[in-house]
Each structure stands twice: as C-alpha cells, then as structure tokens.
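Subject: Structure handover

Hello,

The sequence and structure are below, followed by notes on what was found. Please read the notes with the structure open.

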Amino acid sequence: MLLRGERLGEISGDVLEFISSRDADRQIFEADLLVDRAHLAMLKERGLIAAEEFSAIVAALDGIELAELGEGEDVHEAIEAELIARVGAVGGRMHTGRSRNDEVATCIRIVLRGELLGLMAEVNDLAEALVERAAENADTVIPGFTHLQHAQPTTLAHHLLAHADALLRDFDRLQDSCQRVNRSPLGAAAFASTGFDIDRKRTAELLGFEGLVENSMDAVSTRDFLLEALSASAILMVNASRLAEELILWSTSEFGYLELDDLFTSTSSIMPQKKNPDTAELIRGKTGTVFGSLVAALAIVKALPMSYNRDLQEATPNLWRGISTTRGAVRILTGAVSSAKFNKERLEAASGAGFSTATEIADSLVRKTKIPFRTAHQIVGALAAKGGTPAIEDLDEAAERIAKFRPSERGFGEEELAAALDPRRNVAVRSRIGGPAPEETKRMAADRRRR
Ligand code: ARG
C-alpha cells in the first residue's frame, strides 16, 4: 500500500478492514476529487508545481472512478495510489503541503453543505404543504387539546400553522449551521499548517467556501460543525415526529379525524381489513435513529485531545446516516400531509366535545357581568362537575350559590349562553395575534407563504 512503504509492514485482513473508512468514504469520493483539483490549481498558481505537471495530474484525475480504486485504508490513499499508477511518480506532487487530516475535514464540509441545502429545500416543501392545507381550512373548526383532553375549540388552519412555524424554525437552524459548515480547513495540513507557500484563501474560494477555519489545529480537529448539523436534524425530527404522531392518532377509528392516502399506508398479512399508518410510524421510529446518530457523534468526539485523532473517522458515518434519515423522513411526511383527507364533519362535530366551550362561558360572564374571572371560573367549574349541556337555570343556580347573583338578571341570558356554547363563535372571538380566528390564520398563512 502507498503509505506504509518501508516504514511499516503490510496490513491486511481484519485489521485493514477495522481501520478502513472506505465504505463511508463513498460519500466523499467526488468531493475529494474537487479538493484535489483546487489544491493542484493553487499549487500551480503559487509555482509549487509546474504547469505541465498540473495538466498531467489533472488529466489523470479526470479518469479515476470510484469502482476502479484499488486498496488503501481510505479513499484519499486509494485515489493517490491510483493517480500515481496512472501518471507515475509526478502524481506524488499532489500531496504537497497538505495532509489527509485537512483533506477529509474539507471533503466532509463540502458534502455536508450540499446535504444541508437539500434538507432545507425539503423542510421548506413540508412547511409549504402545511401552509397550503391550513389556507384551505381557515373555517374548519376542530377540537383543541391540552393533556390530550378536549380543551378549547380551534381551527385546522391554526393547528397546521403551528406545525409549519416549528418547521420554519428548523429551517433557520439548518441555515445557521450551514454558515459554520461552509468554512475551509484546507491547508491546515496535519495540524501545524505548512512551510510551503500555499494560499489557503485561494483554495477556499475555488471550493466555494465562505472563509476559513483559521487556526490550523482547530481546523483539523473540530467536528463541532457536524454536531451542529446533527443537532438541528435531531430537533427537526422532534417536530416531524410530533406531526407523525398526530397523523397516527388522528387516523385511528377512535379519533377518525383524517385518512391517509393509500400510498402512505400498509395492510396486514393476516387481518384483511387493516390500513395501517406505517410511514408515519417509521418517521416516529427513525427519529430515534437520528437521535442515535447525534448521541454517537457527541460521544465519539468528546474529550479528544488536540489535534487529529483517528476516532474522528468513526463520527462521520453517523453524520451521513443522521442527515439522510432526516431527509427521507421529511420528504415522506410532505407527501402524507399533502394527500391526507381530513374528515371535516367529524372534526367540527367534536369541536365542542368535553365541554370545551367552558372557558368562553366564563370569559363571556366576565365581559357581561363584570365579575372577577376566578369567580366565573368557579361558577362554570360547578356546571362542568354537574355534566351535560348547561341551561341558563343551571348557571343562575350555580352563580347564586357561589357568588350571590343571577347572571340572567345582569344581561347574561339564554342568548348569551348559546353564543358562548357555539364552537365557531369561540374561535371567531379569538382573533388576537396568533389566535385561531379565520382572519388571523389567513394573515399568518399569507405571511408564512411569503417567507
Ligand atoms: N479516513 C480518515 C478520517 O476519516 C482520513 C484521515 C486519516 N488521517 C490520518 N492521519 N490517519 O478521518
């Protein structure tokens, strides 16, 4: 093998397999060739290799294919060996003033920034799908929950926009992490930079980086950029899994609020009637896989002394697994959300269930009769304990007992009670910033659509 030469005896079998990163390196093969070309162009510009040498090496690099690479403990060694096999010893000039340590860090950053941009586009698609479904449902009144108990009526638009806003924050986190990913470690060499008169800014520019990871020791040893990308992905998956969980719950016969398109479901090998929400369940499950990737990477890089340590190689596959799992989950979720059929009749019918208009009765009592909110809360709480839909006589009786007055004698009569019991009215009056009233969710949907 290229690097061991006379320094070390040959390596093979289990040990070679154990230390090899060749499998995961498939991800960075193309990026490595880009890094090679940029580095070579810079060496030529700085007069560190001759123009003819540059041309011969680049021409040979152009013909190298992943499938044809021979042995080597990583893709960097294998490419260099193949290059030298093709152009002769002059190929050995390519590694002037660099190390695999800055090389691999550069490759990971190049591939990761592309992955992050792809993921951001997919998050954007999902947020957009939610906003579109919300815009169609500004007037669809649904039950709102706290503690998974009926709480207050809201609208489907309000609910879906809540998920969309979480995803827009995920977008921001990914974008923010991308800025720190997109910095070049190249030219840091092993860790101490180099005595060759290289130009780090030039290779950074050629490779489309927005600057350098300046300190050469930091540049080769940090993987905090990939921890950040994985953290943003893990948080995104928390949000995706919350949405997936509701798709699962809402498509049970107990809820019956929605039906997933057939494409996103599976059946049973024994129970012919089954339509199971397998895609949503896998999004929920794969969230665990992404957490695992993050935790594995955190644990691998923690407490590593300066500067490069081979442990770092072990973190990289977790990055690719975490990011690609996240991308797949977001893409599938977009399809499931776009094609789901909401059962509006059932949603509307359930919107007043569990005495979910109780808060509005208390609020209306306060507005009409000027009693303190806590007093109204106690009166309506007594109605809730009694059960059933309250009549004005029940309200008068409870208020008399608790606060020595009769609401019907203070302008809160049958008509006012009926209005407070109407879920649609509950929603209409909640028109403050961020509330479920149709005019407010329409405003929010338009604003998110612009974003
Ligand atoms: N495959 C290695 C990695 O992923 C490349 C760098 C190897 N450097 C070294 N000094 N052994 O980290």
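Which residues does UniProt list for "domain: Fumarate lyase N-terminal"? The unreviewed entry gives residues 71-292; UniProt positions follow the numbering used here, feature names are shortened, and annotations may be inferred rather than shown by experiment.

Two conventions come before the rest. Residues are numbered from 1 along each chain as its sequence is written. The model is predicted, and local features need pLDDT of at least 70, side-chain atom pairs count only at pLDDT 80 or more, and totals for chains, interfaces and linings use all residues.

Annotated spans

Residues 71-292 are 59% helix and 7% strand, and their end C-alpha atoms lie 31 Å apart. Helices (H or I, at least four residues) and strands (E, at least two) are DSSP runs, numbered from the N terminus. The unreviewed UniProt entry also lists "domain: Argininosuccinate lyase C-terminal" at residues 355-428. That span is 70% helix and 0% strand, with 18 Å between its end C-alpha atoms.

Domains

An automatic or database domain assignment supplies the domain bounds. The chain is divided into domain 1 (13-96), domain 2 (110-137 + 159-184 + 221-349) and domain 3 (351-450). Taken over C-alpha atoms, the centres of domain 1 and domain 2 are separated by 36 Å. Between these two, 6 residues of domain 1 are in contact with 6 residues of domain 2 (contact: C-beta atoms, placed from the backbone, within 7 Å). The side of domain 1 that touches domain 2 has 4 nonpolar, 2 polar and no charged residues. In these classes, Ala, Val, Leu, Ile, Met, Phe, Trp, Tyr, Cys and Pro count as nonpolar, Asp, Glu, Lys and Arg as charged, and the others, Gly among them, as polar.

Ligand shell

The residues around the ligand are Ser21, Asp74, Arg100, Asn101, Val104, Tyr308, Arg310, Leu312, Gln313 and Thr316 (C-beta atom, placed from the backbone, within 6 Å of the molecule). By class, this shell holds 3 nonpolar, 4 polar and 3 charged residues. Helices α6 (100-135) and α12 (311-339) each supply at least two of its residues.

Helix α17

In α17 (residues 414-421), the buried residues are Glu416, Leu417 and Ala420. They are on the same side of α17 because they cover an arc of only 100° around the axis, the arc being that of the directions from the helix axis to the C-beta atoms. These buried residues pack against α14 (358-369) and α16 (392-403). Glu414, Glu415 and Ala418 are exposed, on the face turned away from the buried side. A residue is buried if 20 or more other C-beta atoms lie within 10 Å of its own, exposed if 12 or fewer, and partly exposed in between, with C-beta atoms placed from the backbone.

Backbone points to check

Met306 and Ser307 are joined by a cis peptide bond, with omega about -5°. Ser307 is in the loop between α11 and α12. Ala303 is also placed in the loop between α11 and α12, and its phi is near 65°, a positive value in a residue other than glycine. Ala303 counts as exposed because 7 other C-beta atoms lie within 10 Å.

Leu148, not a glycine, has a positive phi of about 55°. The loop between β1 (141-146) and β2 (149-155) holds Leu148.

Regards
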